[in-house]
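Subject: Structure for your review

Dear colleague,

Please find below the structure that I am handing over to you. My notes on what was found in it follow directly after.

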Amino acid sequence: MRYIISFLLASTALPALAQVPRVVTDLPAVHAITAQVMGDLGKPDLLLDKGGNAHNFQLRPSQARALSQADLVIWIGPKMTPWLDRALVGVTVGGEKLELLAAEGTFRRDFGDMAAHDHANEAEDTDHAAKTEHAHAEESHAEDAGNTHAGLDPHAWLDPANAQYWAGLIAVELSQLDPENAATYAANAAATQARIATMDAEISAILAPVHDKPFVVFHDAYGYFADHYDLTVAGSISLGDATSPGAARLRELSDTVAAGGALCLFPEGQHDPALVTQMANGSKARIGAALDPSGSLIPPGPDAYDSLMRALASTIAACLKG
Ligand SMILES: [Zn+2]
């Protein structure tokens, strides 16, 4: 990391700001990682409001203004937050943009089998491609987000290895804008990565005893989490963008649950639990506490990433153990 930063300092001629950059972030997890990397130097803004739907959010005028005045916008990408993609097209953003999902080195996966059935036009041979593809260098915007990456799962912060990688990436980006504080950003990023490693080990221990117990989630957001912790997701009621589920999808999943194919069903705080309750009726499956994969119900700040990951782990483990 130190080497990368000194290399950047020596080789780039970006105009340095006289002060710490004004940073705007999209979601609580990205905000938390950025806040840790900035440390005492400054506080990033968070766009998603408490309880907001991460996929479908309406910016307030003050937030659009903050966006237009930002020195750096850090976000997952258009596949996750089409509302921010539209805003970035509509607002004149003079600052830099860091799209984490598109960064070389970010681990990307495609939606699993259940989602793949709903994207019938997708090439079938995407599993291997998703794991090895590091290209994706082009600036992706609305016009290509819907098609080229229809199978790409954007919930990438739920893999802690991505969060660790992004901490380093954010430090490099901040250092380019603010070279005077490069050493602080690098040290903060290293501390962030160490903290995530500790959390990851503890979560692994919590989830290991339930890793083979199948469960159903409300929306198809947990692929990265399930892959990383070797969990068994039997299906999701709604798609990866949390849109309303189709009748065929509901019927198929209800049959699975009725046949004993899931021990627990998990609702989400931002969505009506009625579908979950309906599906559990007449089966032996339990209804777990609500999951919050975007962390939108957690107080925002540097601790929010840790909190949201631990909450997912403990909620899933509590029901599956029961
Ligand atoms: Zn989602």
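Leaving aside its neighbours within four places in sequence, with which residues is L265 in contact? Contact here means that the C-beta atoms of two residues, placed from the backbone, lie within 7 Å. On that basis L265 is in contact with F215, V216, V257, V276, M279, A280, A285, I287 and G288.

Two remarks on the basis of these notes are needed. Please bear in mind that this is a predicted model, in which local features need pLDDT of at least 70 and side-chain atom pairs count only at pLDDT 80 or more, while totals for chains, interfaces and linings use all residues. Residues are numbered from 1 along each chain as its sequence is written.

Overall composition

The protein has 13 helices and 10 strands; these are DSSP runs numbered from the N terminus, with helices being H or I of at least four residues and strands E of at least two. Of its 322 residues, 46% count as buried. A residue is buried if 20 or more other C-beta atoms lie within 10 Å of its own, exposed if 12 or fewer, and partly exposed in between, with C-beta atoms placed from the backbone. Among the contacts with a separation of 6 or more, 68% are between residues 24 or more positions apart.

The nonpolar core

L265 also belongs to the largest nonpolar core, which has 84 residues; I33, I170, F215 and L265 have the most contacts inside it. Such a core is a set of buried Ala, Val, Leu, Ile, Met, Phe, Trp, Tyr and Cys residues joined through C-beta atoms within 7 Å. Helix α13 (residues 304-321) gives this core its largest share, 10 residues. At least three residues of the core come from each of domain 1 (2-9 + 16-192) and domain 2 (201-321), the domain bounds being taken from an automatic or database domain assignment. In soluble globular proteins, nonpolar side chains tend to be buried together.

The sheet containing β7 to β10

An open sheet with parallel pairing is formed by four strands in the order β8-β7-β9-β10; two strands pair if DSSP finds at least two bridges between them. Strands β8 (233-238) and β10 (286-287) are at the edges with a single partner strand each, so one side of each has no neighbour in the sheet. Between β7 (residues 215-219) and β8 there are four bridges in the parallel sense. V216 has G235 of β8 as its bridge partner, and H219 has S238 of β8. Helix α11 (residues 247-258) packs on this sheet and touches β7, β8 and β9 (264-266), its direction making about 145° with that of β8; axes are lines fitted to C-alpha atoms, for helices over the stretch in contact, and angles run from 0 to 180 degrees between N-to-C directions.

Although β8 is an edge strand, five of its six residues are buried, so β8 is largely enclosed by the rest of the structure.

The sheet containing β1 to β4

A further open sheet, again with parallel pairing, has four strands in the order β2-β1-β3-β4. Its edges are β2 (45-46) and β4 (96-99), each with a single partner strand, so one side of each is left without a neighbour in the sheet. Strand β1 (residues 23-25) pairs with β2 in the parallel sense over two bridges, and V24 stands opposite D45 in β2. Helix α2 packs on this sheet, touching β1, β2 and β3 (72-75), and its direction makes about 150° with that of β1.

Helix α2 (residues 28-38) also packs against helix α9 (residues 182-207), at an angle of about 130° and with the axes 7 Å apart. This makes α2 oblique to α9, since angles under 35 degrees count as roughly parallel, over 145 as roughly antiparallel, 65 to 115 as roughly perpendicular and the rest as oblique. The residues making the contact are I33, Q36 and V37 of α2 and Y185, N188, A189 and T192 of α9.

Individual loop residues

P154 is in the loop between β6 (152-153) and α8 (160-177). P154 is buried, with 24 other C-beta atoms within 10 Å. Its C-alpha atom is 5.3 Å from that of M80, 74 residues away along the chain.

D230, in the loop between α10 (223-229) and β8, has a positive phi of about 60° although it is not a glycine. D230 is exposed, with 11 other C-beta atoms within 10 Å.

Yours sincerely
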